[in-house]
Number of protein chains: 2
Amino acid sequence: MGRPSDAKERLLEAALELIWERSYGVVTIDAICEKAGVKKGSFYYFFESKSALSVAALEANWVQNIKVKWDGMFSASIPPLDRIRNFFQSTYENQLLVKKEYGCVLGCPCFSVGSEISTQDETIRIKVQEILQNQICYFESAIRDAQAEGSLPAGDAAAKARCLFALFEGSLGQARIQNDPEILRGLAQTALDLLGVRSAVSAA
Amino acid sequence: MGRPSDAKERLLEAALELIWERSYGVVTIDAICEKAGVKKGSFYYFFESKSALSVAALEANWVQNIKVKWDGMFSASIPPLDRIRNFFQSTYENQLLVKKEYGCVLGCPCFSVGSEISTQDETIRIKVQEILQNQICYFESAIRDAQAEGSLPAGDAAAKARCLFALFEGSLGQARIQNDPEILRGLAQTALDLLGVRSAVSAA
DNA sequence: CTTGTAGTTGACGATTTAGTCAACAACTCT
DNA sequence: AGAGTTGTTGACTAAATCGTCAACTACAAG
């Protein structure tokens, strides 16, 4: 009941995009409002601060956009090493698209924001940590499955997953800093090498 | 001639520390001035903007602090794989100290700042890129030397160096976000594994 | 149609921040 | 000591930004 509105959703989307494109610190509430087509009064009707909005935006982006993609890419119906290969390959392709659309390589919003304000805003830090931890789990179960089927040597799957994730985020960060998606070109192969796959070149 | 002063140096130091602790966006010129014990008029006497100061601060930190340490750790007199092992080990120990001193894991200022403002400030982006590129070179020559002496399999040393660097920065970023230096604990071994060293456990 | 609820608006005061400037102070060199 | 140069200061303006609020609007349900 009452007056229907999608202003809240528009704010979430605008905030995430602006923060991703620019940075958390440089984006003002006014800018978010303008991009969302919402007056500041309405902003404060829905959220109590930029911080609270950002937490909600990161969460919404995770459940509505990222998680569904990852669920698809890390589906148990795909051979585990293919999941990893495809994931890194599509990361590259995705950043190519981002650069075409935004003019810049933007990397991973979650990691960038987390690194930016982890010492300043505990609620964002916790949310980012939670999402990243969740992402590492996708790597970890792919690694576990690969070990179970014998396509990867046994070993600490959690540690390997963290290592793989560090490679992932570190590479995305470099790509953002250099504004060059080509950094991510061979990442799929690099990832498999890192896991100790003896690379048999697979014919398409 | 004229009036001697170390205000410029104090500004460089204060800026770097504040930006490292907090973030580029959240640190104001006023805050830098206060920390440096310098009035704003003097700030603008030495630098034309926060951006210009930051570029100078990153550069000064690189040549005066980081580079000399790295020159030591990557000295040609040390066996190449030891350079890498020691480097990652000392990264861990260093962040332990940072956490003790600052209360937070702070990671790598250069990478954090770079990732934060790469899309916003081209002069900082370029400077960061230059420093990071330089750092990768240290990895690359260690890898090359290891390959030359046969302790690493041949292969694209530049690519391996970039990969190692991504692991390095990605791990530091995670450690910062989680505010937990233990993320970096086994990094030296992980790095060597990544390079394909068949791990012979070396006795001390 | 009325009523209650959810959402909207624009104008406002308070604060923070950037950036400027003219006068002043401290030092060096001759 | 005098002159020239370098660095310092505090007070100032302008602008940006935050956060608030009372009045207003649009819709749903009865």
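Helices (H or I, at least four residues) and strands (E, at least two) are DSSP runs, numbered from the N terminus. The views show a predicted model, in which local features need pLDDT of at least 70 and side-chain atom pairs count only at pLDDT 80 or more, while totals for chains, interfaces and linings use all residues. Residues are numbered from 1 along each chain as its sequence is written, and chains are lettered from A and ligands numbered from 1 in the order in which they are written.

**View 1. The fold of chain A.** Chain A has 9 helices and 0 strands, and its C-alpha atoms fill a box of roughly 60 × 35 × 35 Å along the principal axes.

**View 2. The surface near DNA strand D.** DNA strand D is surrounded by 23 residues, a residue being near a strand if its C-beta atom, placed from the backbone, lies within 6 Å of it. The closest are A:Gly41, B:Gly2, B:Arg3, B:Ser5 and B:Gly41. At least two residues of this surface come from each of α2 (29-36) and α3 (40-46) of chain A and α3 (40-46) of chain B, and α3(B) provides the largest share, 4 residues.

**View 3. The side of chain B that touches chain A.** The contact takes 38 residues from chain B and 38 residues from chain A, where two residues are in contact if their C-beta atoms, placed from the backbone, lie within 7 Å. On the chain B side, α6 (109-117), α7 (122-148), α8 (157-178) and α9 (187-195) each supply at least two residues, and α8(B) gives the most, with 13 residues.
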